[in-house]
Amino acid sequence: MATQAHPTKAKPRTFFSLFWRRLRRHKMAMAGLVVIIFLILMAIFAPWIAPYDPTAQPTGEDVGQYYFNPPSREHLLGTDDLGRDVLSRIIYGSRISLLVGFAVAFSSVILGTIMGTLAGYFSGRPLRFYLGPLRREREGFYPWSFALWRVFSWFLYYGVLYLALSIAWALAEDGIQTGSVGSYLGFGLVLALVLWAAWYGLKGEIRLDLDVAISRLIDFMLTIPTLPLLLVLSALLRDPGVKVGQWAQGVFGDAASVFIIITILVLFGWLGTARLVRGNILSLREQDYATAAQALGASDARIMFRHLVPNTLAPLIVQATLQIGGAILTEAALSFLGFGIQPPVATWGNMLTNAQEYIFTAPWLALPPGFMIFITVLAFNYLGDGLRDALDPRSRL
């Protein structure tokens, strides 16, 4: 008697299993992932892996014999101009590079996601930015969050007017004392505008389109030459005479330059993420599930961050991965130019700065940090390419 064969049920594929299968087929991405895991483990276990203290200098009578030693059994990558072990400095330098890369990418993605979501979701919907204290309007103090903002905006509005008048007086004071007609006319014009704005502010209303404001801010910041501004900000914030520099030195000590570099890179790193998220949100907010959530009475915050933002995670993951490599390269460039993380903290960038004077006499000082920067940025870029293809539903991987 013949037995009837029962067809076996195919195991359903989850999103993660499909993603992992596609990623494994991208050979360069997997190689990059292996390199990144190796770098992370090296950074975590640096105190146990490094053969010497990265800042330790030789002591004794004849310390000159430890300077510029080529690679040997005692020092696998040689020693530098102060007798410090190059391999140990390379291992500890990975901590700084990865810290800067991950901190900048994570912070930039968070900030860019918030700004891009607000710009995309409220595009074409001007918000009540300012309502005068004497203006009567329905729901003028509802909800409570807007009531708090409305009161705060009064102080902000008239504070800006006072600041503008103070600046105008500071510029025209000398001319007025000498009887300059131009100073009288200029200050009088500013005073008339400030008085008119103060009168309008009592009963006036200002509506703001967040999309226009954020998009114009991004466009303005993208026109700024980034590298020269990074150099200026880095030099300014590291100045002990500047309040921010004093605070950073007091809080972070020797690591103050690391904090300053991360802050500066985040300041300009969120722009691309914000534009990417804004474009996705503009499309997603018109989908049926977003309209249904609005009809059910869901708040704007819940719709944005519960329903819309999760659907932008795929491009955000790719953006963050690529941004890590860019941040590491920028930090290395700033440190190489002498405006980044300062000694005695060991980074690959300031190791290159120190090695440029001895590039021909002691090449082992320049090649290892240069190679580490190259291989690290390349690994993150290949991983980003692999993630982009693996997360793309149209991919043939």
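Domain bounds in this briefing come from an automatic or database domain assignment. By that assignment the chain is divided into domain 1 (43-58 + 69-125 + 210-385) and domain 2 (127-135 + 143-208), and the centres of the two, taken over C-alpha atoms, are separated by 39 Å. The structure is a predicted model, in which local features need pLDDT of at least 70 and side-chain atom pairs count only at pLDDT 80 or more, while totals for chains, interfaces and linings use all residues. Residues are numbered from 1 along each chain as its sequence is written, and side-chain values use heavy atoms, with hydrogens and water left out.

- Helices (H or I, at least four residues) and strands (E, at least two) are DSSP runs, numbered from the N terminus.
- Helix α7 (residues 210-222) has 13 residues and reaches 18 Å from its first C-alpha to its last, close to the 18 Å expected at 1.5 Å a residue, where the expected span is 1.5 Å times one less than the number of residues.
- In α4, 36 residues reach 51 Å from the first C-alpha to the last, which is close to the 52 Å expected at 1.5 Å a residue.
- Asp 209 caps the N-terminal end of α7, with a side-chain oxygen lying 3.0 Å from the backbone nitrogen of Asp 211; a polar contact is a pair of N or O atoms within 3.5 Å, and within protein one must be able to donate a hydrogen and the other to accept it, while residues adjacent in sequence count only if both atoms are side-chain atoms.
- At the start of α4, a side-chain oxygen of Asp 85 comes to within 3.5 Å of the backbone nitrogen of Leu 87.

**The buried side of α7**

- Buried means under 20% relative accessible area, exposed means over 50%, and partly exposed lies in between (1.4 Å probe, protein chains only).
- The buried residues of α7 are Leu 210, Asp 211, Ile 214, Ser 215, Ile 218 and Met 221.
- They cover an arc of only 130° around the axis, which puts them on the same side of α7; the arc is that of the directions from the helix axis to the C-beta atoms.
- Among the elements that cover these buried residues are α4 (86-121), β1 (127-131), β2 (205-208) and α10 (256-284), where contact means heavy atoms within 4.5 Å.

**Individual residues**

- Ser 123 lies in the loop between α4 and β1 and counts as buried at 14% relative accessibility; leaving aside neighbours within four places in sequence, Ser 123 is in contact with Asp 209, Asp 211, Leu 282 and Arg 285.
- Ser 335, in helix α13 (residues 313-336), is buried with a relative accessible area of 2%, and its contacts, not counting residues up to four places away in sequence, include Gly 340, Thr 347 and Asn 350.
- Pro 71, found in the loop between α3 (46-49) and α4, is partly exposed with a relative accessible area of 45%.
- Leu 296 sits in the loop between α11 (288-295) and α12 (300-308) and is exposed, with a relative accessible area of 77%.

**Distances along and across the chain**

- Pro 71 and Trp 144 are 73 residues apart along the chain, and their C-alpha atoms are separated by 68 Å.
- Leu 296 and Ile 218 are 78 residues apart in sequence and 34 Å apart in space, C-alpha to C-alpha.
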